[in-house]
Amino acid sequence: MAANDAATLTIRDNRTGSEYDVPITDGTIKAADLGKIRTAEDEPGLAVYDPGFVNTASCRSSVTYIDGEQGILEYRGYPIEQLAEKSSFLEVAYLLIKGQLPTKAEYDAWVHEITYHTFVHENVKGFMHGFRYDAHPMGMLMASVGALSTFYPDARNINDADNRHMQIVRMIAKMPTLGAWSFRHAQGKPFVYPDNDLGYTANFLSMLFKMSEQKFEADERLVRALDVLFILHADHEQNCSTNAVRSVGSSQVDPYSAVAAGVAALYGPLHGGANEAVLRMLKRIGKKENIPDFMQGVKDGNERLMGFGHRVYKNYDPRAKIIKKACDDVFEVTGVNPLLEIAQELEKIALEDEYFVKRKLYPNVDFYSGLIYEAFQFPPEMFTVLFAIGRTPGWLAQWLELVQDKEQKIARPKQIYTGDRTLDFVPASERWG
Ligand code: CMC
């Protein structure tokens, strides 16, 4: 049979005996085609039940390719290993947003635009000061990104390409400023304004750590390591936060509000919050001797080995491999993090243990990133903020794709209703006697 003849699925509905031919395109069938399968004209059509979207494609996308079985990650077709080794975060951001690598002139213009939008309105500073002294920086970032929509009301004009470009530049540029100020707030330190003589990542480090010195110049190896970490986090196709950006963006709200939803999703411990959870876990384990007990707890289902397992990767996460290598570069400058020994031992045991092997649980991007971040002297609360800064170009590339995709509609899943029906309401005065 020719491949094309086979590109249909024949479904026999045993409730009615009817048969349906449903086209298969790109390895998927349209859920709407299933909706045509019904037992009677006035009955609802067949739907798929898929909590967590484990087997549902929500869009067509040309941004990021992942092969979870093989451990492959590519942005716009370029392998993550090559980008991490040879590119820079801002070049990768351009690639994600524009779909291709920049010429020299395009790159220079892009860097210039981003550099000159790093400042935020002074009132942003005012309301960031209003958070409680111990506010989680990720909560501050989420609120302040959302608040930017009030500073740029024109951002709601999402059908204008130039306008979209402007907001994308602003958001990539301002994210480090908001992230750094969230960090300084928790420390009770004055906010540091952007230094536009510095590159994107060096400027971020300056806003984080500068005190009374005229100019803050971070060690080049640390700047490069953080830049690589941003590259590794820049996109990851339809993950929880990207899905949140797309879902909220599908209402045609402005991109600041959509990205604020992405930051909120990333905040959770099963997503971007995992690196913070890894570090807390390593500290709780404390020493190598405690590992067997901890691992037993994981296998008994009382614990989770944070930084392990992935919805998509059923192999070593390619980002984890690169981060493991970046650990060496960073520890050369900062000295080795004593928790590394515990992490390496956990990994060694897990990669050989039947529980993990059977379930294809391998280290993910968060397993080692926390150790690097700690070496930079970031408190765990900041880890997810760093992830969010890296992920911003990815969220925006996906948002851009969404708003230009004619097939997209407002996100509105179905449900299977399990509650009561047609009850008679009894007023409180009668119910309570
Ligand atoms: N430790 C112990 N057992 C695990 C773990 C883990 N980290 N992850 C999955 N399992 C077990 C799980 O208990 C289940 O076992 P069983 O079949 O006996 O019930 C099986 O493996 C499948 O797990 P699942 O929860 O159904 O898988 P999922 O695809 O829904 O969840 C995950 C993926 C990432 C949420 C999960 O692996 C997890 O919670 N990992 C720890 C948190 C973490 O590191 N998250 C960062 C993800 S990478 C960053 C990002 O891209 O967002």
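Tutor: Gln252 sits in the loop that joins helix H10 (240–249) to helix H11 (255–267); helices are DSSP runs of H or I with at least four residues, numbered from the N terminus. The model is predicted, so local features need pLDDT of at least 70 and side-chain atom pairs pLDDT 80 or more, while totals for chains, interfaces and linings use all residues. Residues are numbered from 1 along each chain as its sequence is written, and side-chain values use heavy atoms, without hydrogens or water.

Although Gln252 is not a glycine, its phi is positive, near 70 degrees. Gln252 counts as exposed because its relative accessibility is 54% (buried is under 20%, exposed over 50%, partly exposed in between, with a 1.4 Å probe and protein chains only). Lys360, likewise not a glycine, has a positive phi of about 55 degrees. Lys360 belongs to the loop between helix H16 (354–358) and helix H17 (366–375), and at 37% relative accessibility it counts as partly exposed.

Polar contacts are pairs of N or O atoms within 3.5 Å. A polar backbone atom of Gly307 is 2.8 Å from an oxygen atom of the ligand, and a polar side-chain atom of Tyr355 is 2.9 Å from a ligand nitrogen atom. Of the 930 Å² of accessible area that the ligand has on its own, the protein covers 72% (Shrake-Rupley method, 1.4 Å probe).

Notes:
A polar contact is a pair of N or O atoms within 3.5 Å; within protein, one must be able to donate a hydrogen and the other to accept it, and residues adjacent in sequence count only if both atoms are side-chain atoms. Helices (H or I, at least four residues) and strands (E, at least two) are DSSP runs, numbered from the N terminus.
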